[in-house]
Amino acid sequence: GDSGGGGIALRDAFKYVAYWNPSVVLKAGNTQHIQFTAPDNLTGWEVFVISSSKTNRFGLSRAQFKVNKPLELRPVLPNLVHTGDHFAAGFSVMNRTADPQNITVTARASGVATGEITQTLNVLPYSRAVVNLPLTVKNIGNIAFAVTAQAGNESDGLRANLPVVLEKKKKKYATFGSSVD
């Protein structure tokens, strides 16, 4: 990610598959080392390697690794919002250190809804806290978020986008009748 101001890099490359290469060719008896840059997801990853030979022999290997930071931001957002909605754009910050931290979180929204909030939270070790940015949406389009968290020398930042769609009009129906004897 790039810097969103204040020198904190904003994570924005979120993927479900970190790396895919279906054709690494090895010479008999050799090993192959593969390097790749992990996406910005702060999560655990599983690596699966399946190999086959020209004589139909197969092999399988698995490994795991984790990507995390001492401070971790995650969006707590709906999948989409409608025009006319009032909602709180949430951002969760996790303290992955052994000590309580005073974490300053700044969230900015731009696009079809704008706003900014800065809060300093005291977050216990290995705990989460949430900052909510209240927003009102009037037009269709997109809301872009830039969020940073900082405690001492530790920081995290992310970018997130939220689509705004046209509110569907609710149809109301009524039926009535009468009877005469």
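## The largest pocket

The largest pocket is lined by 36 residues. Among them, Asn21, Val24, Phe48, Val49 and Ile50 lie nearest its centre. The elements that give two or more residues to this lining are E1 and strand E2 (58–66). E1 provides the largest share, eight residues. The space in the largest pocket comes to about 1200 Å³.

Here a pocket is found on a 1 Å grid over the protein atoms alone: an open set of points where a 1.4 Å probe fits, with protein on both sides within 12 Å along at least five of seven lines. Lining residues have an atom within 4 Å of a point. The volume is the space filled by probe spheres set on the points, which are joined across faces, edges and corners.

## About the model

This is a predicted model, in which local features need pLDDT of at least 70 and side-chain atom pairs count only at pLDDT 80 or more, while totals for chains, interfaces and linings use all residues. Residues are numbered from 1 along each chain as its sequence is written, and side-chain values use heavy atoms, with hydrogens and water left out.

## A five-strand sheet

Five strands form an open sheet in the order E4-E10-E9-E6-E7, and the pairing is mixed. Strands are DSSP runs of at least two residues, numbered from the N terminus. Two of them pair if DSSP finds at least two bridges between them. Strand E4 (81–82) and strand E7 (115–123) stand at the edges. Each has a single partner strand, so one side of each is left without a neighbour in the sheet.

Strand E6 (residues 101–111) and strand E9 (residues 141–151) run antiparallel, joined by eight bridges. E6 also pairs with E7 in the antiparallel sense, over nine bridges. Thr106 stands opposite Thr148 in E9 and opposite Thr118 in E7. Thr148, in turn, stands opposite Gly157 in E10. The hairpin of E9 and E10 has two residues between the strands. In this hairpin, Gly152 takes a positive phi near 60°.

## Salt bridges

Side chains of opposite charge can pair when their charged atoms come close. The structure holds six salt bridges; each is a side-chain nitrogen of Lys or Arg within 4 Å of a carboxyl oxygen of Asp or Glu. One of them joins Lys69 and Asp156, at 3.5 Å from N to O. This pair links distant parts of the chain, 87 residues apart. Lys69 is in the loop between E2 and strand E3 (71–76), and Asp156 is in strand E10. Lys69 is partly exposed, at 26% relative accessibility, whereas Asp156 is buried, at 0%. Buried means under 20% relative accessible area, exposed means over 50%, and partly exposed lies in between (1.4 Å probe, protein chains only).

Glu72, Arg74, Arg96 and Arg128 are linked in a network of salt bridges. Glu72 meets Arg96 at 2.9 Å, N to O. Glu72 lies in strand E3 and Arg96 in the loop between strand E5 (86–95) and E6, so the pair ties together parts that are 24 residues apart in sequence. Glu72 also bridges to Arg128, with the closest N and O atoms 2.7 Å apart. Arg128 lies in strand E8 (residues 127–136), so this pair ties together parts that are 56 residues apart in sequence. Glu72 counts as buried, at 0% relative accessibility. Its two partners named here are partly exposed: Arg96 at 28% and Arg128 at 39%.

## The surface

Tyr19, Val24, Leu26, Ile34 and Phe36 form a nonpolar patch on the surface. Together they have about 410 Å² of accessible area, computed by the Shrake-Rupley method with a 1.4 Å probe and only the protein chains shown as cover. Patch residues have over 30% relative accessible area and no salt bridge; nonpolar side chains (Val, Leu, Ile, Met, Phe, Trp, Tyr) are joined within 5 Å and like charges within 9 Å. Val24 is also among the residues nearest the centre of the largest pocket. Leu26 is found in the segment before strand E1 (44–52) and is partly exposed, at 45% relative accessibility.

Arg57 lies in the loop between E1 and E2. Arg57 is exposed, with a relative accessible area of 64%. The C-alpha atoms of Arg57 and Arg159 are separated by 45 Å, and these residues are 102 apart along the chain.

Note on methods. Helices (H or I, at least four residues) and strands (E, at least two) are DSSP runs, numbered from the N terminus.
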